[in-house]
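This briefing looks at the pockets of one protein structure, taking their volumes, their linings and the elements that supply those linings in turn.

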Amino acid sequence: MAFLLKTAVKPHHRHLLLLRRTFIAAKIKWVRDPYLDEVVSKEKNLKPLLAFKNLIISAPSKTLPTAVAAVNKPHLRLPTTADNFSHEYPSVFRAFQPKALSTPHVRLTPQAVALHNEELAVHASPERRQEAAERLAKLLMLAGARRLPLRLVDCFRYDLGLPDNYITGLCCDFPEYFQICTGNNPEILNLELISWRENLAFSVMEKRAMNTSSDFRKGMRIAFPMFFSRGFDLKEKVKDWLDEWQNLPYISPYENGFHLNPNSDQAEKWAVAVLHELLSLMVSKKTERENIFCLGEYLGFGSRLKKALVRYTGIFYVSNKIRTQTVVLREAYRKDFLIENHPLMGMRHRYIHLMNKSKKRRRYQNADFLNKSKMDCKLGNQTVSHGRRVIERAG
């Protein structure tokens, strides 16, 4: 990967920097981070499991015919058939037949139901509902026009920590915040923030600067925290460029920076600020790369967010685990531990623990089966040997 390094001269206006460009060949290799890969790997199948759980619990009988689950497989993003998936996690799902010769059904185990009820209690907490409404409002404020298509909001629902019924629940509970509307295309529904909320228009980077600097002001120089994988070697000339880039003014992601020269360092730092703030809004401080690209394309960033992920590997890490690419905010983790553990993340870890119980049970069952097979084989061999001896004596 080659870096385009540019040196800034004194600007006439903090948002309109005049730049002189120089080209320096500096190839940077991607270095795997085993701790952040583990952060992603340990949530394997968690998202489809929770989606499947919510579908079952939404049924009036709290049970679901496996045929109905099979139809919803693409929507749930199950990695296998619904029947196989439910059998893979017997600590969460229980297959049964309501009547003889009837269609097989699936329901939740008592442990899974108990966890679900605790999760509902977290979502229902007034404090958590206010936090969720503010995270959703800030996402819409990042959009500039204060509105996004519902399909895009749905992409971030899980990572934002919104309840499954956020449209009919959370949004209706905050009518002063949100409304559903249509844009130029009446067939596309949008979620709109009714009015700009100035008290929310501060990024996590700005809040941090407020706490550490007594003379905070908009547009001041703020440097992003950077953490590199072990074994990552940053060349000296790239370090020098990064130092210059970090010293550029920090333009808030809640300001419109599209008037900046898209090829300038200043525009690039603003794009990084938008991506950094987006990941900071997520309860797990990560989301799928495809979600970021879809949002960036809709907002008009072009390839700038993609370049930010490639160039600023000390801020963002892209993991290739669990059949997708996940972008992780590095500063949010110490090794594989989330520093600010949201209550919803605590609930998700408990679901993972329940899922792992299923794996342990299968391992024990497989071990018992192998031991029984070996014993049967041993007994069979003894029987054959005894038979041979009897025949030899008879002969």
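The largest pocket holds about 870 Å³ of space, and the model in which it is found is a predicted one. The second largest pocket has a volume of about 690 Å³.

**Largest pocket**

- A total of 31 residues line the largest pocket, and those lying nearest its centre are A51, N54, H75, R157 and D164.
- Two or more lining residues come from each of the helices α2 (46–58), α4 (73–76), α6 (110–124), α8 (150–160) and α15 (343–394).
- Among the contributors to this lining, α2 gives the most, with eight residues.
- Sorted by class, the lining of the largest pocket consists of 15 nonpolar, seven polar and nine charged residues.

**Second largest pocket**

- The lining of the second largest pocket is made up of 26 residues, with V204, S280, L281, K285 and E340 the closest to its centre.
- The elements that each supply two or more residues to the lining of the second largest pocket are α7 (126–142), α10 (204–212) and α12 (265–281).
- From α7 come four residues, the largest share of the lining of the second largest pocket.
- In terms of residue class, the second largest pocket is lined by 12 nonpolar, three polar and 11 charged residues.

Methods
Residues numbered from 1 in each chain as written. Predicted model: local features only at pLDDT ≥ 70, side-chain atom pairs only at ≥ 80, totals over all residues. Heavy atoms only, no water. 1 Å grid on protein atoms, 1.4 Å probe; cavity = no way out; pocket = protein on both sides within 12 Å on 5 of 7 lines; lining within 4 Å. Points joined across faces, edges and corners; volume = space filled by probe spheres on them. Nonpolar A, V, L, I, M, F, W, Y, C, P; charged D, E, K, R; others polar.
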